[in-house]
Amino acid sequence: KTGLMWFRRDLRTQDNAALFYALKHSEQLHCVFVFDKTILDALPNKADRRVEFIWESCAELKQTLQAAGGDLHLVHDNAEQAIPALARQLKVQAVFANKDYEPAAKQRDDTVRTTLGEAGIELHLFKDQTIFEESEVLTQAGGVFSVFTPYKNACLKKLDRFHLTPYPSEHRLASLAKHPESLPFPGLEDMGFERTNLLSLLKPGMSGAQATFDDFLGRIDKYKEKRDFPAVRGVSYLSVHMRFGTLSIRTAASAAYDRYQAHGSEGAMGWLNELIWRDFYFQIIHHRPDAATQAFKPEYDQIQWESGPQAEKMFQAWCEGNTGFPIVDAAMRQLNQTGFQHNRLRMVTASFLTKDLGIDWRWGERYFAEHLNDFDLSANNGGWQWAASSGCDAQPYFRIFNPYSQSEKFDGEGKFIRKYCPELAKLNNKQIHNPAACTPMELQMAGVELGKTYPRPVVEHDEARKKTLLRYEVVKKKA
Ligand code: FAD
């Protein structure tokens, strides 16, 4: 039997469910990755770190497959047509891939399945991205969980080593179809993309994932204490690897699970908790694909968000990190310069956009989708709707983050702010959170000129807060 392994967001040979089954059921296995024009052509920025991350990870994957005697077809085309065309050309009986739960991906897979079916070729999809998927974890009444804590408790009750057993795909590579000559590899430039600063920020591919993971395992026990402070190396920085599957969820979750079982590590349990949040949002988007564009709680779509030129100006200031709120500005500049934003800051900036500027969460969601290296529709949508209070298990609408106290609490010494807003570096640890509250003398001594070297606050937080409570009145009656 001849098969075709279609790599998507699982760019690794180790512990890969579809690859394992593909190798098991094929005497000759071909492999492919499609640089999908449908996705790439819609990207507004041609210097896109994600495309470069994928490209680099594919280069490593190709090398690994070649070292085992196989190769990777790299196709720059529309996946819906390219996969059936390649499958026919290679005369395969079956195509293997790992499941994707995003609405557009599910639609693409349905189309591919139909086209393949017309040629008598099967499409086999496997669970690989998540610990539990779809309807594997339901309420006692058989419903979908929409509150995290009971979902997590049900997951933990069900979870054992069996669910985390790796698929030894990397030990079966002998069935790869042989390619005496290397298959072509389109360059980034050939696809209309440019190099970015990605490689100075992180290491892509399976080797990058392993190095990042090893580094984190040395710090995992302290995760719970350190995870909320953006200036501290407390989190794993693995999200981009989880996104593109250069690290397997089973590898990640089992390390945390075993550490908790063996040593009762609270840090490991805290981290496992975050991986379960990831699963939680996948199952939400699977069951509620409408939430990708609409409020999860429909009454929240009645909110009148700010619009028009003034709102657009405010939005621009937020995007660029020029709001006059140092913690928000530092966070947005981190995102723009690196493609990463710390989780605490994602909560702060999302809350600021929706509840201080009164701007529709969908604007912020789109901006994050364009700029985050780890952009994932389910987690991003979940995070934004959480901040806007319209999502499942979201912040109550009347809980409005105070950007100044968030800053004092989580960046007390202003280290993070100083890194991304160097123009404020000379303000002391108290002043740096709110330069507009400094006296003219204090500002002068620190070389800060409000409105010139650093913007004045675009809104007054207490007033914005009152306006938001009024704006959310429409849902109050129904909440
Ligand atoms: P760690 O703290 O080390 O967590 C480990 C892993 O758990 C992460 O890599 C990620 O895969 C998962 N995870 C952690 N927190 C969450 C969460 N709240 N929801 C879902 N998964 C989580 N995460 C994304 O992966 N992609 C996104 O597009 C995304 N957008 C977000 C938007 C907003 C407004 C908010 C509030 C959160 C968003 N998150 C998103 C969740 C979270 O901020 C990132 O996963 C985390 O900051 C990544 O850093 P890390 O890998 O060091 O995380």
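In this predicted model, begin with helices α4 and α5, whose crossing is right-handed. To display the pair, select residues 79–89 for α4 and residues 103–118 for α5. Their axes come within 9 Å and cross at roughly 30°. Angles under 35 degrees count as roughly parallel, and α4 and α5 are therefore roughly parallel to each other.

Next, show the side chains at this contact. On α4, select Ala79, Glu80, Ile83, Pro84 and Ala87; the residues of α5 that they meet are Arg108, Thr111, Val112, Thr115 and Leu116. Coloured by class, the contact of α4 with α5 shows six nonpolar, two polar and two charged residues.

Now step back to the whole protein chain. Colour domain 1 over 2–128, domain 2 over 130–166 + 205–287, and domain 3 over 298–476. The centres of domain 1 and domain 2, taken over C-alpha atoms, are separated by 25 Å. Where these two domains touch, domain 1 supplies 16 residues and domain 2 supplies 17 residues. On the domain 1 side of this contact there are nine charged residues, together with four nonpolar and three polar ones.

Select α6 (residues 148–158) and α12 (266–287). The axes of α6 and α12 come within 10 Å and cross at roughly 110°. For the contact itself, display Phe148, Tyr151, Lys152 and Cys155 of α6. Their counterparts on α12 are Asn273, Ile276, Trp277, Asp279 and Phe280. By class, the contact of α6 with α12 comprises six nonpolar residues, one polar residue and two charged residues.

Finally, centre the view on the ligand. Which residues are closest to the ligand? They are Val235, Ser236, Ser239, Asn380 and Gly383, within a surrounding set of 29 residues. To see which elements give two or more residues to this shell, select α10 (239–244), α12 (266–287), α15 (343–356) and α17 (377–387).

With the domain colours still on, note that domain 2 and domain 3 each give at least three residues to the shell around the ligand. Switching to colouring by class, the shell has 16 nonpolar, six polar and seven charged residues.

Note on methods:
Residues numbered from 1 in each chain as written. Predicted model: local features only at pLDDT ≥ 70, side-chain atom pairs only at ≥ 80, totals over all residues. Axes fitted to C-alpha atoms, helices over the stretch in contact; angles between N-to-C directions. Helix = DSSP H or I, 4+ residues; strand = E, 2+ residues; numbered from the N terminus. Parallel < 35°, antiparallel > 145°, perpendicular 65-115°, else oblique. Left-handed = near helix turned anticlockwise from the far one by under 90°. Contact = placed C-beta atoms within 7 Å. Nonpolar A, V, L, I, M, F, W, Y, C, P; charged D, E, K, R; others polar. Near = placed C-beta within 6 Å. Domains from an automatic or database assignment.
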